[in-house]
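User: Hey, can you walk me through this one? I'd like to know what's in it before I set anything up.
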Amino acid sequence: MTSASRRGNGQPSATSNLLRELHKLPEGSPRRKTLRDQLVEAHMPLVVYLARRFSGRNEPMNDLVQVGSIGLLKAIDRFDPERGLEFSTYATPTILGEIKRHFRDTGWLIHVPRRAQELQTTVNTARADLSQELGRAPTVSELAARIDVGEDAVVEALDAARAYSGVPLDVLAAPGESVPEHPMLGVLDAGFDQVEQRELLRGVIAKLPDSEREILLLRFVANKTQTEIAAIVGVSQMQVSRLVARGLKRLRASLGADEPNT
Amino acid sequence: MNPASQRLNGDVVEVRVPADVVYVSTLRLTAAALAARCELTIDDIEDLRLAVDEACALLLPHASPGSPLEARFELAYGRLDVQATITSEEGARLDRTGFAWTVLGALAAPVNVTQDDGHITIALTKHREDTAQ
(Lines give C-alpha, C1' and ligand atoms only; values in the text may rest on other atoms or scores of the structure.)
Protein backbone atom coordinates (compact mmCIF):
# COMPACT_ATOMS: atom_id res chain seq x y z
CA MET A 1 0.00 0.00 0.00
CA THR A 2 1.14 3.53 -0.58
CA SER A 3 2.72 5.63 2.09
CA ALA A 4 -0.10 8.13 1.72
CA SER A 5 -2.69 5.60 2.86
CA ARG A 6 -0.51 4.57 5.79
CA ARG A 7 -0.20 8.15 6.83
CA GLY A 8 -3.92 8.62 6.43
CA ASN A 9 -4.63 5.58 8.54
CA GLY A 10 -1.89 6.26 11.04
CA GLN A 11 -3.31 9.67 11.83
CA PRO A 12 -7.03 9.55 11.19
CA SER A 13 -7.34 12.64 13.34
CA ALA A 14 -5.57 14.82 10.74
CA THR A 15 -8.28 14.27 8.15
CA SER A 16 -11.13 14.31 10.61
CA ASN A 17 -9.84 17.49 12.26
CA LEU A 18 -9.69 19.23 8.91
CA LEU A 19 -13.17 18.00 8.03
CA ARG A 20 -14.56 19.03 11.39
CA GLU A 21 -13.14 22.51 11.04
CA LEU A 22 -14.37 22.80 7.45
CA HIS A 23 -17.83 21.69 8.45
CA LYS A 24 -18.12 24.43 11.05
CA LEU A 25 -16.96 27.25 8.77
CA PRO A 26 -19.62 29.49 7.23
CA GLU A 27 -20.14 29.49 3.43
CA GLY A 28 -17.74 31.87 1.72
CA SER A 29 -15.08 31.83 4.41
CA PRO A 30 -11.64 32.14 2.73
CA ARG A 31 -10.28 29.51 5.10
CA ARG A 32 -12.53 26.90 3.42
CA LYS A 33 -10.40 26.87 0.29
CA THR A 34 -7.23 26.21 2.28
CA LEU A 35 -8.84 23.34 4.14
CA ARG A 36 -10.35 21.84 1.02
CA ASP A 37 -7.02 22.04 -0.79
CA GLN A 38 -5.32 20.22 2.06
CA LEU A 39 -8.02 17.55 2.12
CA VAL A 40 -7.87 17.10 -1.66
CA GLU A 41 -4.12 16.74 -1.55
CA ALA A 42 -4.29 14.23 1.26
CA HIS A 43 -6.78 12.04 -0.61
CA MET A 44 -5.43 12.38 -4.12
CA PRO A 45 -3.76 8.95 -3.89
CA LEU A 46 -7.21 7.40 -3.36
CA VAL A 47 -8.53 9.17 -6.47
CA VAL A 48 -5.54 8.00 -8.51
CA TYR A 49 -5.94 4.47 -7.18
CA LEU A 50 -9.60 4.39 -8.20
CA ALA A 51 -8.99 6.08 -11.57
CA ARG A 52 -6.35 3.49 -12.37
CA ARG A 53 -9.01 0.80 -11.98
CA PHE A 54 -10.67 2.20 -15.08
CA SER A 55 -7.56 2.61 -17.20
CA GLY A 56 -7.20 0.58 -20.37
CA ARG A 57 -10.49 1.78 -21.75
CA ASN A 58 -9.22 4.38 -24.16
CA GLU A 59 -9.84 7.10 -21.62
CA PRO A 60 -6.83 9.26 -20.63
CA MET A 61 -5.78 8.83 -16.99
CA ASN A 62 -5.70 12.61 -16.54
CA ASP A 63 -9.38 12.90 -17.39
CA LEU A 64 -10.27 10.10 -15.00
CA VAL A 65 -8.25 11.67 -12.19
CA GLN A 66 -9.93 14.99 -12.87
CA VAL A 67 -13.47 13.68 -12.76
CA GLY A 68 -12.49 11.59 -9.73
CA SER A 69 -11.32 14.78 -8.04
CA ILE A 70 -14.75 16.30 -8.61
CA GLY A 71 -16.16 13.35 -6.73
CA LEU A 72 -13.62 13.89 -3.96
CA LEU A 73 -14.63 17.56 -3.66
CA LYS A 74 -18.28 16.59 -3.47
CA ALA A 75 -17.47 14.05 -0.79
CA ILE A 76 -15.51 16.64 1.18
CA ASP A 77 -18.40 19.11 1.02
CA ARG A 78 -21.09 16.59 1.87
CA PHE A 79 -19.28 14.58 4.54
CA ASP A 80 -20.83 14.86 7.96
CA PRO A 81 -18.07 14.38 10.58
CA GLU A 82 -20.70 13.76 13.28
CA ARG A 83 -21.80 10.49 11.69
CA GLY A 84 -18.57 8.82 12.74
CA LEU A 85 -17.89 7.25 9.35
CA GLU A 86 -14.36 6.87 8.00
CA PHE A 87 -13.94 9.57 5.34
CA SER A 88 -12.31 7.27 2.77
CA THR A 89 -15.21 4.83 3.09
CA TYR A 90 -17.62 7.67 2.46
CA ALA A 91 -15.59 9.19 -0.38
CA THR A 92 -14.93 5.99 -2.36
CA PRO A 93 -18.47 5.52 -3.77
CA THR A 94 -18.73 9.25 -4.48
CA ILE A 95 -15.47 9.26 -6.44
CA LEU A 96 -16.40 6.05 -8.26
CA GLY A 97 -19.81 7.49 -9.01
CA GLU A 98 -18.25 10.51 -10.65
CA ILE A 99 -15.89 8.35 -12.74
CA LYS A 100 -18.78 6.13 -13.79
CA ARG A 101 -20.86 9.13 -14.69
CA HIS A 102 -18.00 10.28 -16.89
CA PHE A 103 -17.99 6.96 -18.75
CA ARG A 104 -21.73 7.15 -19.01
CA ASP A 105 -21.59 10.64 -20.52
CA THR A 106 -18.76 9.76 -22.85
CA GLY A 107 -20.49 6.57 -23.77
CA TRP A 108 -19.30 3.49 -21.96
CA LEU A 109 -21.69 2.32 -19.29
CA ILE A 110 -25.11 3.29 -20.53
CA HIS A 111 -24.22 3.33 -24.19
CA VAL A 112 -22.86 -0.18 -24.15
CA PRO A 113 -24.77 -1.02 -27.32
CA ARG A 114 -23.25 1.89 -29.22
CA ARG A 115 -19.82 1.31 -27.81
CA ALA A 116 -20.05 -2.41 -28.39
CA GLN A 117 -21.27 -1.70 -31.88
CA GLU A 118 -18.32 0.57 -32.62
CA LEU A 119 -15.86 -1.88 -31.19
CA GLN A 120 -17.68 -4.71 -32.90
CA THR A 121 -17.24 -3.01 -36.26
CA THR A 122 -13.56 -2.47 -35.57
CA VAL A 123 -13.13 -6.02 -34.31
CA ASN A 124 -14.93 -7.42 -37.34
CA THR A 125 -12.76 -5.45 -39.75
CA ALA A 126 -9.61 -6.54 -37.93
CA ARG A 127 -10.88 -10.11 -37.82
CA ALA A 128 -11.38 -10.18 -41.57
CA ASP A 129 -7.98 -8.59 -42.24
CA LEU A 130 -6.13 -10.86 -39.85
CA SER A 131 -7.94 -13.97 -41.08
CA GLN A 132 -6.67 -13.22 -44.54
CA GLU A 133 -3.14 -12.41 -43.41
CA LEU A 134 -2.80 -15.40 -41.12
CA GLY A 135 -4.81 -17.92 -43.10
CA ARG A 136 -6.73 -18.74 -39.91
CA ALA A 137 -8.93 -16.94 -37.41
CA PRO A 138 -6.92 -14.56 -35.21
CA THR A 139 -6.55 -15.03 -31.47
CA VAL A 140 -7.91 -12.50 -29.00
CA SER A 141 -4.42 -11.21 -28.28
CA GLU A 142 -3.73 -10.78 -31.99
CA LEU A 143 -6.98 -8.85 -32.38
CA ALA A 144 -6.24 -6.74 -29.31
CA ALA A 145 -2.78 -5.88 -30.62
CA ARG A 146 -4.12 -4.99 -34.05
CA ILE A 147 -6.79 -2.57 -32.88
CA ASP A 148 -4.85 -1.44 -29.82
CA VAL A 149 -7.35 -2.21 -27.06
CA GLY A 150 -7.14 -4.56 -24.09
CA GLU A 151 -7.83 -8.27 -24.48
CA ASP A 152 -10.73 -7.93 -22.05
CA ALA A 153 -12.32 -5.35 -24.29
CA VAL A 154 -12.06 -7.69 -27.26
CA VAL A 155 -13.57 -10.59 -25.35
CA GLU A 156 -16.36 -8.30 -24.25
CA ALA A 157 -16.95 -7.03 -27.75
CA LEU A 158 -17.15 -10.63 -28.93
CA ASP A 159 -19.38 -11.83 -26.19
CA ALA A 160 -20.26 -9.99 -23.02
CA ALA A 161 -21.87 -7.02 -24.75
CA ARG A 162 -24.58 -9.44 -25.73
CA ALA A 163 -25.28 -10.27 -22.10
CA TYR A 164 -25.45 -6.63 -21.15
CA SER A 165 -27.66 -5.36 -23.85
CA GLY A 166 -29.04 -8.02 -26.11
CA VAL A 167 -27.55 -8.55 -29.53
CA PRO A 168 -26.99 -5.30 -31.37
CA LEU A 169 -28.36 -5.70 -34.87
CA ASP A 170 -25.02 -4.76 -36.31
CA VAL A 171 -23.47 -7.88 -34.84
CA LEU A 172 -25.40 -9.74 -37.48
CA ALA A 173 -23.82 -7.82 -40.31
CA ALA A 174 -20.97 -9.24 -42.32
CA PRO A 175 -17.46 -8.24 -41.26
CA GLY A 176 -16.04 -5.33 -43.16
CA GLU A 177 -19.40 -4.10 -44.35
CA SER A 178 -20.16 -0.47 -43.62
CA VAL A 179 -22.79 -1.23 -41.07
CA PRO A 180 -24.91 1.87 -40.43
CA GLU A 181 -25.74 2.50 -44.08
CA HIS A 182 -26.35 -1.06 -45.15
CA PRO A 183 -27.35 -3.39 -42.35
CA MET A 184 -27.74 -6.68 -44.11
CA LEU A 185 -30.75 -7.47 -41.99
CA GLY A 186 -32.51 -4.36 -43.18
CA VAL A 187 -31.95 -5.27 -46.79
CA LEU A 188 -33.42 -8.70 -46.25
CA ASP A 189 -36.33 -7.41 -44.17
CA ALA A 190 -37.49 -5.27 -47.05
CA GLY A 191 -37.76 -8.40 -49.16
CA PHE A 192 -39.35 -10.52 -46.46
CA ASP A 193 -41.85 -7.86 -45.61
CA GLN A 194 -43.36 -7.87 -49.02
CA VAL A 195 -45.98 -10.51 -48.71
CA GLU A 196 -46.38 -11.06 -52.43
CA GLN A 197 -42.73 -12.05 -52.61
CA ARG A 198 -43.01 -14.61 -49.87
CA GLU A 199 -44.46 -17.35 -52.01
CA LEU A 200 -41.91 -16.61 -54.66
CA LEU A 201 -39.16 -16.63 -52.07
CA ARG A 202 -40.26 -19.98 -50.71
CA GLY A 203 -39.74 -21.54 -54.09
CA VAL A 204 -36.40 -19.84 -54.60
CA ILE A 205 -35.13 -20.85 -51.19
CA ALA A 206 -36.06 -24.44 -51.89
CA LYS A 207 -33.83 -24.36 -54.96
CA LEU A 208 -30.77 -23.07 -53.10
CA PRO A 209 -27.88 -25.45 -52.53
CA ASP A 210 -28.34 -27.20 -49.16
CA SER A 211 -25.37 -25.49 -47.50
CA GLU A 212 -26.53 -22.00 -48.48
CA ARG A 213 -30.14 -22.68 -47.52
CA GLU A 214 -29.20 -24.02 -44.11
CA ILE A 215 -26.93 -21.09 -43.40
CA LEU A 216 -29.44 -18.48 -44.53
CA LEU A 217 -32.14 -20.03 -42.37
CA LEU A 218 -29.82 -20.13 -39.35
CA ARG A 219 -28.83 -16.57 -40.03
CA PHE A 220 -32.15 -14.88 -40.69
CA VAL A 221 -34.77 -17.20 -39.27
CA ALA A 222 -32.97 -18.52 -36.20
CA ASN A 223 -31.12 -15.18 -35.87
CA LYS A 224 -27.76 -16.81 -35.19
CA THR A 225 -24.55 -14.84 -35.54
CA GLN A 226 -22.05 -15.91 -38.15
CA THR A 227 -19.77 -17.20 -35.43
CA GLU A 228 -22.55 -19.30 -33.93
CA ILE A 229 -23.45 -20.65 -37.35
CA ALA A 230 -19.80 -21.45 -37.97
CA ALA A 231 -19.80 -23.53 -34.79
CA ILE A 232 -23.06 -25.30 -35.66
CA VAL A 233 -22.19 -26.10 -39.26
CA GLY A 234 -18.52 -26.74 -38.63
CA VAL A 235 -16.99 -24.30 -41.08
CA SER A 236 -15.07 -21.07 -40.52
CA GLN A 237 -16.81 -17.77 -39.85
CA MET A 238 -15.33 -16.41 -43.09
CA GLN A 239 -16.86 -19.32 -44.95
CA VAL A 240 -20.24 -18.55 -43.34
CA SER A 241 -19.85 -14.93 -44.40
CA ARG A 242 -19.18 -15.99 -48.00
CA LEU A 243 -22.09 -18.46 -48.06
CA VAL A 244 -24.49 -15.86 -46.66
CA ALA A 245 -23.40 -13.32 -49.26
CA ARG A 246 -23.59 -15.86 -52.08
CA GLY A 247 -26.99 -17.14 -50.91
CA LEU A 248 -28.41 -13.62 -50.69
CA LYS A 249 -27.05 -12.79 -54.12
CA ARG A 250 -28.68 -15.89 -55.54
CA LEU A 251 -31.97 -14.99 -53.86
CA ARG A 252 -31.89 -11.47 -55.20
CA ALA A 253 -31.03 -12.66 -58.67
CA SER A 254 -33.84 -15.22 -58.62
CA LEU A 255 -36.33 -12.64 -57.42
CA GLY A 256 -35.17 -10.14 -60.01
CA ALA A 257 -34.28 -7.63 -57.33
CA ASP A 258 -31.57 -5.07 -57.92
CA GLU A 259 -28.30 -5.49 -56.12
CA PRO A 260 -28.01 -2.91 -53.35
CA ASN A 261 -25.22 -0.41 -53.87
CA THR A 262 -22.91 -1.71 -51.21
CA MET B 1 -38.96 -11.47 -12.56
CA ASN B 2 -38.84 -13.46 -15.76
CA PRO B 3 -38.96 -17.26 -15.74
CA ALA B 4 -35.32 -17.61 -16.79
CA SER B 5 -34.07 -15.74 -13.72
CA GLN B 6 -36.35 -17.72 -11.43
CA ARG B 7 -34.67 -20.86 -12.64
CA LEU B 8 -31.20 -19.68 -11.66
CA ASN B 9 -31.97 -19.19 -7.98
CA GLY B 10 -29.41 -21.17 -6.00
CA ASP B 11 -27.32 -22.20 -9.00
CA VAL B 12 -23.67 -22.51 -8.06
CA VAL B 13 -20.74 -21.98 -10.40
CA GLU B 14 -17.24 -22.85 -9.24
CA VAL B 15 -14.07 -21.79 -11.00
CA ARG B 16 -10.57 -22.82 -10.02
CA VAL B 17 -7.60 -21.01 -11.53
CA PRO B 18 -3.91 -20.79 -10.63
CA ALA B 19 -3.41 -18.10 -7.98
CA ASP B 20 -1.74 -15.84 -10.50
CA VAL B 21 -2.62 -12.31 -11.51
CA VAL B 22 -3.01 -13.28 -15.18
CA TYR B 23 -6.15 -15.25 -14.29
CA VAL B 24 -7.87 -12.36 -12.52
CA SER B 25 -9.44 -11.28 -15.81
CA THR B 26 -10.96 -14.75 -16.18
CA LEU B 27 -12.65 -14.41 -12.81
CA ARG B 28 -13.70 -10.88 -13.60
CA LEU B 29 -15.34 -11.91 -16.86
CA THR B 30 -16.98 -14.91 -15.21
CA ALA B 31 -18.35 -12.68 -12.49
CA ALA B 32 -19.64 -10.17 -15.04
CA ALA B 33 -21.26 -12.86 -17.17
CA LEU B 34 -22.95 -14.45 -14.15
CA ALA B 35 -24.03 -11.07 -12.78
CA ALA B 36 -25.69 -10.39 -16.12
CA ARG B 37 -27.60 -13.65 -15.71
CA CYS B 38 -28.68 -12.50 -12.25
CA GLU B 39 -30.01 -9.36 -13.91
CA LEU B 40 -27.82 -7.01 -11.93
CA THR B 41 -27.64 -3.56 -13.51
CA ILE B 42 -24.73 -2.47 -15.67
CA ASP B 43 -23.52 -0.29 -12.81
CA ASP B 44 -23.70 -3.23 -10.40
CA ILE B 45 -21.71 -5.35 -12.83
CA GLU B 46 -19.13 -2.61 -13.09
CA ASP B 47 -18.87 -2.49 -9.29
CA LEU B 48 -18.60 -6.25 -9.13
CA ARG B 49 -15.78 -6.37 -11.65
CA LEU B 50 -13.85 -3.88 -9.54
CA ALA B 51 -14.69 -5.77 -6.36
CA VAL B 52 -13.34 -9.01 -7.85
CA ASP B 53 -10.16 -7.12 -8.78
CA GLU B 54 -9.78 -5.79 -5.25
CA ALA B 55 -10.50 -9.15 -3.63
CA CYS B 56 -7.85 -10.78 -5.81
CA ALA B 57 -5.41 -7.96 -5.07
CA LEU B 58 -5.90 -8.63 -1.37
CA LEU B 59 -5.64 -12.42 -1.62
CA LEU B 60 -2.95 -13.11 -4.20
CA PRO B 61 0.05 -11.77 -2.24
CA HIS B 62 -0.70 -14.41 0.41
CA ALA B 63 -1.21 -17.37 -1.92
CA SER B 64 1.23 -20.23 -1.54
CA PRO B 65 3.24 -20.83 -4.73
CA GLY B 66 1.51 -23.28 -7.07
CA SER B 67 -1.76 -23.20 -5.15
CA PRO B 68 -5.12 -22.49 -6.75
CA LEU B 69 -7.47 -19.56 -6.39
CA GLU B 70 -10.95 -20.93 -6.03
CA ALA B 71 -14.00 -18.84 -6.77
CA ARG B 72 -17.55 -19.86 -5.99
CA PHE B 73 -20.50 -17.95 -7.35
CA GLU B 74 -24.03 -18.44 -6.10
CA LEU B 75 -26.71 -17.01 -8.34
CA ALA B 76 -30.06 -15.53 -7.45
CA TYR B 77 -32.34 -13.01 -9.06
CA GLY B 78 -30.90 -9.57 -8.30
CA ARG B 79 -28.06 -10.97 -6.24
CA LEU B 80 -24.72 -12.66 -6.73
CA ASP B 81 -22.68 -14.13 -3.86
CA VAL B 82 -18.98 -14.51 -4.53
CA GLN B 83 -16.43 -16.41 -2.46
CA ALA B 84 -12.75 -16.34 -3.34
CA THR B 85 -10.38 -18.66 -1.46
CA ILE B 86 -6.62 -19.10 -1.53
CA THR B 87 -4.24 -21.43 0.29
CA SER B 88 -1.78 -19.45 2.36
CA GLU B 89 0.92 -19.73 4.93
CA GLU B 90 -0.40 -20.30 8.42
CA GLY B 91 -0.92 -16.96 10.12
CA ALA B 92 -1.15 -14.86 6.98
CA ARG B 93 -3.38 -11.85 7.47
CA LEU B 94 -5.08 -9.66 4.91
CA ASP B 95 -4.11 -6.02 4.69
CA ARG B 96 -7.20 -4.25 5.95
CA THR B 97 -5.62 -0.81 6.12
CA GLY B 98 -5.07 -0.06 2.44
CA PHE B 99 -7.12 1.25 -0.43
CA ALA B 100 -8.00 -2.19 -1.72
CA TRP B 101 -9.88 -3.03 1.46
CA THR B 102 -11.63 0.37 1.59
CA VAL B 103 -12.68 0.11 -2.03
CA LEU B 104 -13.87 -3.48 -1.67
CA GLY B 105 -16.09 -2.45 1.24
CA ALA B 106 -17.52 0.42 -0.75
CA LEU B 107 -18.29 -1.72 -3.80
CA ALA B 108 -19.93 -4.74 -2.28
CA ALA B 109 -21.82 -5.34 0.90
CA PRO B 110 -21.46 -7.27 3.03
CA VAL B 111 -17.81 -8.35 2.77
CA ASN B 112 -16.60 -11.09 5.11
CA VAL B 113 -13.17 -12.55 5.59
CA THR B 114 -12.45 -15.93 7.15
CA GLN B 115 -8.90 -17.03 7.81
CA ASP B 116 -8.23 -20.49 9.15
CA ASP B 117 -6.50 -23.78 8.38
CA GLY B 118 -4.13 -22.11 5.95
CA HIS B 119 -7.00 -20.76 3.88
CA ILE B 120 -8.17 -17.19 3.43
CA THR B 121 -11.63 -16.57 2.03
CA ILE B 122 -13.20 -13.29 1.03
CA ALA B 123 -16.96 -13.56 0.71
CA LEU B 124 -18.88 -10.70 -0.83
CA THR B 125 -22.40 -10.12 -2.00
CA LYS B 126 -23.51 -7.83 -4.78
CA HIS B 127 -27.17 -6.86 -4.70
CA ARG B 128 -28.96 -5.25 -7.54
CA GLU B 129 -29.31 -1.57 -6.57
CA ASP B 130 -33.10 -1.58 -6.36
CA THR B 131 -33.32 -4.90 -4.48
CA ALA B 132 -30.63 -4.18 -1.88
CA GLN B 133 -31.63 -5.31 1.61
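User: Let's start with chain A. How many helices and strands are there in chain A?
Analyst: Chain A has 13 helices and 0 strands. Read from the N terminus, its elements go α-α-α-α-α-α-α-α-α-α-α-α-α. Keep in mind that this is a predicted model.

User: Ok. What share of chain A counts as buried?
Analyst: 28% of the 262 residues of chain A are buried. As for contacts in chain A between residues at least 6 apart in sequence, 57% join residues at least 24 apart.

User: I'm curious about Glu156(A). Where is it?
Analyst: Glu156(A) sits in helix 8 of chain A, which covers residues 151-165.

User: And why does Glu156(A) count as buried?
Analyst: Because Glu156(A) has 23 C-beta neighbours inside 10 Å, and the cut-off for buried is 20 or more. There's also Gln120(A), 36 residues away along the chain, with a C-alpha separation of 9.5 Å from Glu156(A).

User: How do helix 11 and helix 12 of chain A cross?
Analyst: Their axes come within 10 Å and cross at roughly 135°, with helix 11 of chain A spanning residues 210-220 and helix 12 of chain A spanning residues 226-233. The two helices are therefore oblique to each other. The crossing is right-handed.

User: Which residues make that contact?
Analyst: From helix 11 of chain A, Glu214(A), Ile215(A), Leu218(A) and Arg219(A). On the helix 12 side of chain A you have Ile229(A), Ile232(A) and Val233(A).

User: Which strands of chain B pair with strand 3?
Analyst: Strand 2 of chain B (residues 68-76) pairs with strand 3 of chain B (residues 79-87) in the antiparallel sense, over 8 bridges. Strand 3 of chain B also pairs antiparallel with strand 5 of chain B (residues 119-127), over 9 bridges.

User: What about the turn between strand 2 and strand 3 of chain B?
Analyst: That hairpin has 2 residues between the strands, and Gly78(B) takes a positive phi near 75°.

User: And strand 4 of chain B, buried or in the open?
Analyst: Largely in the open, because 0 of the 6 residues of strand 4 of chain B (residues 111-116) are buried. Strand 4 of chain B runs antiparallel to strand 5 of chain B, joined by 6 bridges, and Val111(B) has Leu124(B) as its bridge partner. These two strands form a hairpin too, with 2 residues between them and a positive phi of about 55° at Asp117(B) in the turn.

Definitions and conventions:
Residues are numbered from 1 along each chain as its sequence is written. Chains are lettered from A and ligands numbered from 1 in the order in which they are written. This is a predicted model: local features need pLDDT of at least 70, side-chain atom pairs count only at pLDDT 80 or more; totals for chains, interfaces and linings use all residues. Helices (H or I, at least four residues) and strands (E, at least two) are DSSP runs, numbered from the N terminus. A residue is buried if 20 or more other C-beta atoms lie within 10 Å of its own, exposed if 12 or fewer, and partly exposed in between; C-beta atoms are placed from the backbone. Two residues are in contact if their C-beta atoms, placed from the backbone, lie within 7 Å. Two strands pair if DSSP finds at least two bridges between them. Axes are lines fitted to C-alpha atoms, for helices over the stretch in contact, and angles run from 0 to 180 degrees between N-to-C directions. Angles under 35 degrees count as roughly parallel, over 145 as roughly antiparallel, 65 to 115 as roughly perpendicular and the rest as oblique. A crossing is left-handed if the near helix is turned anticlockwise from the far one by less than a right angle, and right-handed if clockwise.
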